[in-house]
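Dear colleague,

Here is the structure I said I would hand over. My notes on it follow.

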Amino acid sequence: MTRLHLILLMFFLFISGCAQKISPSKQQISDWKVQLQSQSAWQASGKLAFISDTDRQSANFNWHYDDSKQQLILTSFIGTRILSLKEFAQHSELQYDGNTYVDTNSQQLVKRLSGLDLPVAQAPAWLTGTVDNPTNQYDDQGRLTSSAWTDENGQLWQAQYQQFSLVEGMWLPTRMNLAHDKVRIKIQLNSWQF
């Protein structure tokens, strides 16, 4: 009987030694919206699906935002670079199909060369779910569920936010849809870094 107690005691000591400390659940910052809007640099990555009446394209993306300038890299699912967009103070450069192109309007540059219509100038707001519009709708936790805005080219865009994740105390979108005219863009955000 003593031997059984000794074996059980050793077993429980072994099990308790293997136990991991469970980290406390992530906590929401009380003024998370203000904190999120004040971020001057972030990086997001995920997947995009462009859907129209005549075409369907998908890509992985890596989106950098730093000091009001953006860099967007789209790659195929096998890792081949489709395009690379980089904004500068007075212009944007797009590397596409082995060549470099320059324009003052990032959205028009991307659309003209790749055919993909994407509201790049407003991306820091719609990608983070911080669009400021009086028609916005929010859920019980103050997260944006739908919004609409007009881009710099006069096109009306609508956004629907389906899923959020708590990142560094701030609610950030992880699934959303953009729509303009007959174009729909499904977006899945897999990671956020600040």
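The lining of the largest pocket divides into 6 nonpolar, 9 polar and 2 charged residues (Ala, Val, Leu, Ile, Met, Phe, Trp, Tyr, Cys and Pro count as nonpolar, Asp, Glu, Lys and Arg as charged, and the others, Gly among them, as polar). The space in this pocket is about 190 Å³. Of the 17 lining residues, Glu-87, Ser-92, Thr-104, Ser-106 and Ala-121 are the closest to its centre. A pocket here is an open set of points on a 1 Å grid over the protein atoms alone, where a 1.4 Å probe fits, with protein on both sides within 12 Å along at least five of seven lines; lining residues have an atom within 4 Å of a point. A volume is the space filled by probe spheres set on the points, which are joined across faces, edges and corners.

The model is predicted: local features need pLDDT of at least 70, side-chain atom pairs count only at pLDDT 80 or more, and totals for chains, interfaces and linings use all residues. Residues are numbered from 1 along each chain as its sequence is written, and side-chain values use heavy atoms, with hydrogens and water left out.

The second largest pocket has a volume of about 150 Å³. Its lining has 4 nonpolar, 3 polar and 4 charged residues, including Asp-55, Arg-56, Lys-111 and Val-183.

Strands (E, at least two residues) are DSSP runs numbered from the N terminus. E10 (residues 170-180) is largely enclosed by the rest of the structure, because 8 of its 11 residues are buried (under 20% relative accessible area, 1.4 Å probe, protein chains only). E10 pairs (at least two DSSP bridges) with E9 in the antiparallel sense over 9 bridges.

Regards

Conventions: Buried < 20%, exposed > 50% of the residue type's maximum accessible area, 1.4 Å probe, protein only. Helix = DSSP H or I, 4+ residues; strand = E, 2+ residues; numbered from the N terminus.
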